[in-house]
Amino acid sequence: MTLDQFRSVADRFLEPFVDVSEQAGLTPNAVSVAAIALAAGAGLAFAFGQGTPILYLVGSVLVFLNGWLDILDGALARRLQVASAAGDLLDHVLDRYADIFILVGLAAGVDEWALGLAAVTGVVMTSYLGTQAQAVGLDRVYGGLVGRADRLVIVGVVGVVAWLYTDSIAGLTVVGWTLVFFAIVGHFTALQRFYYAMRAFESTDRL
């Protein structure tokens, strides 16, 4: 079970922020753009974090804010009754770029490009399998070991740890091991979602 399954619970805590956003005249798309800007800032902070550890803390704050805005834009769209397929598409495209910015920043900071590539592909495939199931007529798949909300929390916590602890463990820093984790678990979660989707086809005799 992943944190993505608790979005409805998070939405209840968003009400005051949705009220403020509505009163300020913000649109869901504007919130989405602000979220991607925060993700890009986090990536930059992580890229220079190894030399200046305090930037890992900055990156963590930006990642948590990105995650907050990521659920705020959807809640605001529902409040304003402007939720649409186009808005959903924009949200998913920006989320994927946000994931790439953050992970590439982590990889750049510790000069672990192979691990970064493996982590990025795992994360992108996880998200792809979740939405592709919907594209072929099934419900959107949020299941699996690690979803996007989980990833953001993990990255945020790792950023704080990397700020406080800069030594290597068995040849890799905390950030390096985090990339290993995302590489392995990302692809495993993608395969989990593929399995769930195929089982759903089997149960409806649509194979």
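**View 1. A polar contact of 3.1 Å joins the side chains of Arg 148 and Asp 70.** A polar contact is a pair of N or O atoms within 3.5 Å; within protein, one must be able to donate a hydrogen and the other to accept it, and residues adjacent in sequence count only if both atoms are side-chain atoms. Arg 148 also reaches the side chain of Asp 99, through a polar contact of 3.0 Å. You will find Arg 148 in helix H6. With 6% relative accessibility, Arg 148 counts as buried (buried means under 20% relative accessible area, exposed over 50%, partly exposed in between, with a 1.4 Å probe and protein chains only).

Before the next views, a word on the model. It is predicted: local features need pLDDT of at least 70, side-chain atom pairs count only at pLDDT 80 or more, and totals for chains, interfaces and linings use all residues. Residues are numbered from 1 along each chain as its sequence is written, and side-chain values use heavy atoms, with hydrogens and water left out.

**View 2. A nonpolar patch on the surface has about 940 Å² of accessible area together.** Among its members are Ile 54, Phe 64, Trp 163, Tyr 165 and Trp 177. Patch residues have over 30% relative accessible area and no salt bridge; like charges are joined within 9 Å, and nonpolar side chains (Val, Leu, Ile, Met, Phe, Trp, Tyr) within 5 Å. A salt bridge here is a side-chain nitrogen of Lys or Arg within 4 Å of a carboxyl oxygen of Asp or Glu, and areas come from the Shrake-Rupley method with a 1.4 Å probe, where for residues only the protein chains shown count as cover. Helix H3 (54–80) and helix H6 (148–164) each supply at least two residues of the patch, and H6 gives the most, with 5 residues. Helices (H or I, at least four residues) and strands (E, at least two) are DSSP runs, numbered from the N terminus. Ile 54 lies in H3 and, at 40% relative accessibility, counts as partly exposed.

**View 3. Leu 26 sits in the loop between helix H1 (7–23) and helix H2 (28–47).** At 37% relative accessibility, Leu 26 counts as partly exposed. Leaving aside its neighbours within four places in sequence, Leu 26 is in contact (heavy atoms within 4.5 Å) with Ser 21, Val 31, Leu 76 and Leu 80. The C-alpha atoms of Leu 26 and Glu 15, 11 residues apart along the chain, are separated by 14 Å.
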